[in-house]
Amino acid sequence: MSAPARKLLDDLRRARALVVHPRDEEGASLVDQLRRLGCEVALAWPPPAALPPDIDTLFIQLDDGEFRHLLPAIEEAQPAVVAIVAYESPTSLKAIVDVNAHGVLTKPLRPRGVLTQFVLARYRRGYEGRLASKIVRLEETMKGRRSVERAVRLLVDLNRIDEDAAYRLLRDRATAARVPMASVAESVVAAHEAMSGLGLRIALAEKT
């Protein structure tokens, strides 16, 4: 077995799954198959009032509409979601979108295809998480740059220095304090706003 394939199986074994499905032969078979893969699995029916706090994968039957009270919890917990549907109707398609399904199983449930959808759902959920983290980091970077630009303009206006000198001043203070340059810039902007409210002004000069 290749290293990437082993990594996928190891990820499944660490999964904590909840199966929201009637307690019938199909539901029991799905639970047994997931347990044979090595992950922790619980079966719930009717749909619970809330999701358990420790699950990261949700297999959920959507056809009866009894799941809709779980939509806020699904959005908050953001598990990997595998939708289970019996018909490809407009209603079931909308339900798949509503739960932000990462994989789909159609009824009657058969062992073939469960592993594929399980892997796909967890991969897609992980990919979404990585994208969200990148977006947060990008937003933080852009926010920091805007703070630096604003602080530079303030130093230029208040200290009658050029932009390069103002930028170096912020950089040197950040280096000396061992903090991000954006943090120094935010402090400069916050100090200016606080003192302006009192009719005062700040003036920073380079150390000599």
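Good morning, colleagues. The model is predicted, so to speak of local features we require pLDDT of at least 70 and for side-chain atom pairs pLDDT 80 or more, while totals for chains, interfaces and linings use all residues. Residues are numbered from 1 along each chain as its sequence is written, and side-chain values use heavy atoms, with hydrogens and water left out.

I begin with helix α2. Helices here are DSSP runs of H or I with at least four residues, strands are runs of E with at least two, and both are numbered from the N terminus. Helix α2 comprises twelve residues, 25-36, and at 1.5 Å a residue it should span 16 Å, which agrees with the 16 Å between its end C-alpha atoms. The expected span is 1.5 Å times one less than the number of residues.

Which residues of α2 are buried? They are Gly27, Leu30, Val31, Gln33 and Leu34, where buried means under 20% relative accessible area, exposed over 50%, and partly exposed in between, with a 1.4 Å probe and protein chains only. The buried residues pack against strands β1 (16-20), β2 (40-44), β3 (57-61) and β4 (80-85), and against helix α5 (114-159), contact being heavy atoms within 4.5 Å. Just after α2, Gly38 has a positive phi of about 105°.

I turn now to charged pairs. Side chains of opposite charge can pair when their charged atoms come close. A salt bridge is counted when a side-chain nitrogen of Lys or Arg lies within 4 Å of a carboxyl oxygen of Asp or Glu, and this rule gives ten of them. In one, Arg16 meets Asp56, with the closest N and O atoms 3.9 Å apart. Arg16 belongs to strand β1 and Asp56 to the loop between β2 and β3, so this pair ties together parts 40 residues apart in sequence. Asp56 also forms a salt bridge with Arg122, at 2.9 Å from N to O. That pair links the loop between β2 and β3 to helix α5, 66 residues apart. Arg122 counts as buried at 16% relative accessibility, whereas Arg16, at 33%, is partly exposed.

Within helix α4 (residues 90-98), Asp98 and Lys94 are four residues apart, or about one helical turn. Their salt bridge has its closest N and O atoms 3.0 Å apart. Asp98 is partly exposed at 28%, and so is Lys94 at 49%. Elsewhere, salt bridges with shared partners join Asp11, Arg14, Arg16, Asp56 and Arg122 into one network.

Finally, the aromatic rings. How many aromatic pairs does the structure hold? There are two, counting rings of Phe, Tyr and Trp (its six-membered ring) with centres within 6.5 Å; planes under 30 degrees apart are stacked, over 60 edge-to-face, and the rest tilted. Phe59 and Phe118 have ring centres 5.4 Å apart and planes at 65°, so they are edge-to-face. Phe59 lies in strand β3 and Phe118 in helix α5, so the pair ties together parts 59 residues apart in sequence. Both Phe59 and Phe118 are buried. Tyr123 and Tyr127, by contrast, are stacked, with centres 6.3 Å apart and planes at 10°. Tyr123 is partly exposed at 48%, as is Tyr127 at 42%.
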